[in-house]
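Let's take a friendly walk through how the chains of this assembly meet. Have the structure open as you read.

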Protein chains: 4
Amino acid sequence: MHTYSTTVRLHHTDAAGILFFANLFIIAHECYESFLDPDVTFNSMFYELNLMMPIVHAEADYYRPLRVSDRITINLGLGHMGNSSFSLEYNIHTKDGESAATIKTSHVVRNKDGSQSVSLPAKLRKKLESLEK
Amino acid sequence: MHTYSTTVRLHHTDAAGILFFANLFIIAHECYESFLDPDVTFNSMFYELNLMMPIVHAEADYYRPLRVSDRITINLGLGHMGNSSFSLEYNIHTKDGESAATIKTSHVVRNKDGSQSVSLPAKLRKKLESLEK
Amino acid sequence: MHTYSTTVRLHHTDAAGILFFANLFIIAHECYESFLDPDVTFNSMFYELNLMMPIVHAEADYYRPLRVSDRITINLGLGHMGNSSFSLEYNIHTKDGESAATIKTSHVVRNKDGSQSVSLPAKLRKKLESLEK
Amino acid sequence: MHTYSTTVRLHHTDAAGILFFANLFIIAHECYESFLDPDVTFNSMFYELNLMMPIVHAEADYYRPLRVSDRITINLGLGHMGNSSFSLEYNIHTKDGESAATIKTSHVVRNKDGSQSVSLPAKLRKKLESLEK
């Protein structure tokens, strides 16, 4: 399991005083990138292996509003891992341990122009396996 | 049905050269706001009626990558409408009419501090009903 | 002169109820892109001519707060145009004609890895000249 | 002096492969918020003291492009401090110590509807003084 902690900042919120829903997907992706670093960087995938890993599905359930300065922690887990796809699960909770939201993202591996599926590179597969208990 | 057209801009994209997935939720919400304006504005709900309409679920399926300067159109439809909740469906397609993504958002109506569910105000109900065929 | 109109949306605002300052730079850049389209697209510069036009300076003065649903109009003008650089000026006003902000951005033209200055391509120069009275 | 370190993430970049200029203002504001926390929080200013601290001027100079996974550090310093205004200076450098950008922001203290200037609250003044050598 990978854990990522961050703080809700003013730019994450909107005039209703709470985190704007789409920004939690952005924060989740920061968690994902912090997990991949430094073993499977964007640069190594995109510029060296000429691969993209676009997200083909994303969903979030929001259980409580988050506000400026709220400290949140995300536990990242593996959903499934296939030949050329994988999914991730993010459990977001407050510093009091209360569940704030869950997010799921589904990723596919493709060549750079998106025309062909590609098998997960070995180092990515190994990295994802590290999420399994 | 409500229709919203916009253009993918540089800030929507990332270093992979395509729209960053979370930004499509932001664009969908612009569509939602353009639908509510000027009958059910944020200001009238939040400052006059002291209501919030937080999103409690959001999901997206992405069918093709979107790039800088791509012109997209969103058709907004009503999913369900309950006593204090409703959901919306967004079909996003390119100017060639190809489906690029679908998004769903589920909303609840609450008092401002989020502690109590509130019935949909009449003008919101009427507005949502206008989405039904 | 080029004119761009848009609406302040919820995601542009923050918990203080007003547009988050950095988002006005994003909106200004949308104006800039709408000006360049379709004559000098990002794609034509980046993928065909292998050029980048990074911003090396940006500044904004904010005269009044902007809020959700505010309709704003931007008048884009040319600041200076040099051999491999140019600057743009954005006057942002409300629908009542009141000045809300001014923004300036300075751009340079470089090869794709950023190592060398490049003269403004003819079609870009011509486009920028169209901003002059 | 206050120091803030963070990592450039995919959502900060655009299709040119580098950080989108406006996002550096967002990162600088995260630095500012991390400086104020927990002594002078947004909540204490906005909800308790009924004050806003809008930014009335912002400017940035960019010296080198930043890319995905780049680790950056910001040194925050005080520009000036007046009766109802202050300015901040941010020096952003890479982990190799190279200067990547400088940012300045000017802030005013106002009552919540923005109609009147207000003197800097004592705890804010004290906090800002801590930035002076």
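## Where chains A and B meet

In this predicted model, eight residue pairs are in polar contact between chain A and chain B, both residues of each pair being at pLDDT 80 or more. Salt bridges are another matter: the count between chain A and chain B is zero.

## Extent of the contact

Between them, the two chains bury about 2,100 Å², and 70% of that lies on carbon and sulfur atoms.

## Strands across the interface

E3(A) also pairs with a strand of the other chain: five bridges join it to strand E3 (residues 55-62) of chain B, and the two run antiparallel. To find one of these bridges, look at His57(A), whose bridge partner in E3(B) is Asp61(B).

## Chains B and D

Chain B is superposed on chain D by a rotation of 180 degrees with 0.0 Å of shift along its axis (RMSD 0.0 Å). This is the relation of a two-fold axis. The same surface serves both copies, as 100% of the contact residues of chain B recur in chain D.

Which residue of chain B comes closest to the rotation axis? That is Asp14(B), at 1.9 Å by its C-alpha.

Technical notes: Residues are numbered from 1 along each chain as its sequence is written. Chains are lettered from A and ligands numbered from 1 in the order in which they are written. This is a predicted model: local features need pLDDT of at least 70, side-chain atom pairs count only at pLDDT 80 or more; totals for chains, interfaces and linings use all residues. Side-chain values use heavy atoms; hydrogens and water are left out. Copies are superposed by least squares on the C-alpha atoms of residues with pLDDT of at least 70 in both. Contact means heavy atoms within 4.5 Å. Buried area is the accessible area (1.4 Å probe) that two parts lose on being put together, summed over both. A salt bridge is a side-chain nitrogen of Lys or Arg within 4 Å of a carboxyl oxygen of Asp or Glu. A polar contact is a pair of N or O atoms within 3.5 Å; within protein, one must be able to donate a hydrogen and the other to accept it, and residues adjacent in sequence count only if both atoms are side-chain atoms. Two strands pair if DSSP finds at least two bridges between them. Helices (H or I, at least four residues) and strands (E, at least two) are DSSP runs, numbered from the N terminus.
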